[in-house]
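Student: Could you help me learn to read the surroundings of a residue in a protein model?
Tutor: Gladly, let's look together.

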Amino acid sequence: MTNGGADESAELAVCEVEREPDPSDSLRTFGAVVQALREHAGLSRAEFGELVCYSKHTVESVELGRRMADESFVERAEEATGNTGALRRSAQFLTRGEAGLAAWFRRWARLERVAVSLCTYECRLVPGLLQSEAYARALFENRIPLLTDEQLEAQVAARLERQKMLYERPTVPFHFIVEESVFRRRLGGVEVQRGQLDHVLEHTAPRNVTLQIMPTDAEFHSCMDGPLRLLETPQGRRLAYSEGQENGRLIADAKEVSLLYQRYDTLRSQALNPQDSRGLLERLRGEL
């Protein structure tokens, strides 16, 4: 007995996560070209899927503009349709229409919008949802390679737009654990740091937003492997996200997600409680 049904269900679940919420014109056009070339070759979606090593459901999603075709799909589709070059050339112009968001972060950003709870651990910088405009601008000004003025403004605008969910969704719990060292870093200068501390104190005041600080002198730490984000969907599914240099990974495997939730829950007990965390921020603010 095979587990083909289980494999197909798993892929369908992944496709749902990766599905574009609002297909752009370029995605629809590219999909139409794929479909036309496939039909010209006399292939069904299932037959074409076998040639490109994707399921017929993925082929359908690409053809309907609901999923961004990755590089391997494009290359295999080219070979399966006669190497005309049409797919390689047109793939260069694919866009999702989401300026200001890194490609690897877009799926997670969409899930955030509908999540029933969100948890964030950060050890590098102030979490995006809590960044002041000046801090975000200083962050993007430090990007390598340098951003153009237009790119920088798009990044800042997207960051500020994303932050609106803190107020637009007052019944959704947002929980943050941030390393103390992050708030001591003077990114952008003293004035930016001072404004950032004020911003965090203001935006963690609502009842649905909780901040805990991980002190630098803590002797125990359950999340030494790096930043972590967790959320729960309206359907009760738990997902995780891990980000590094120029990449990000959405984690859907139930066992792996369960382990990451255990680490985060342990870290909550190791960090300062919300009241003491707020007191620490106020003391840091007074030192500037």
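Student: Which residues does E180 touch, not counting residues up to four places away in sequence?
Tutor: Contact means heavy atoms within 4.5 Å. By that rule, E180 touches I213, M214, P215, T216 and L280. This is a predicted model, where local features need pLDDT of at least 70, side-chain atom pairs count only at pLDDT 80 or more, and totals for chains, interfaces and linings use all residues. Residues are numbered from 1 along each chain as its sequence is written, and side-chain values use heavy atoms, leaving out hydrogens and water.

Student: Is E180 buried or exposed?
Tutor: Buried means under 20% relative accessible area, exposed over 50%, and partly exposed in between (1.4 Å probe, protein chains only). E180 counts as buried because its relative accessibility is 8%.

Student: What does the side chain of E180 make a polar contact with?
Tutor: A polar contact is a pair of N or O atoms within 3.5 Å; within protein, one must be able to donate a hydrogen and the other to accept it, and residues adjacent in sequence count only if both atoms are side-chain atoms. Here the partner is the side chain of R184, at 2.8 Å.

Student: How many disulfides does the structure hold?
Tutor: A disulfide is a covalent bond between the sulfur atoms of two cysteines; the cut-off is a pair of cysteine sulfur atoms within 2.5 Å. This structure holds zero. Take C123: the closest cysteine sulfur, in C223, is 9.0 Å from its own sulfur, so it is too far for a bond. C123 is partly exposed, at 26% relative accessible area, while C119 counts as buried at 12%.
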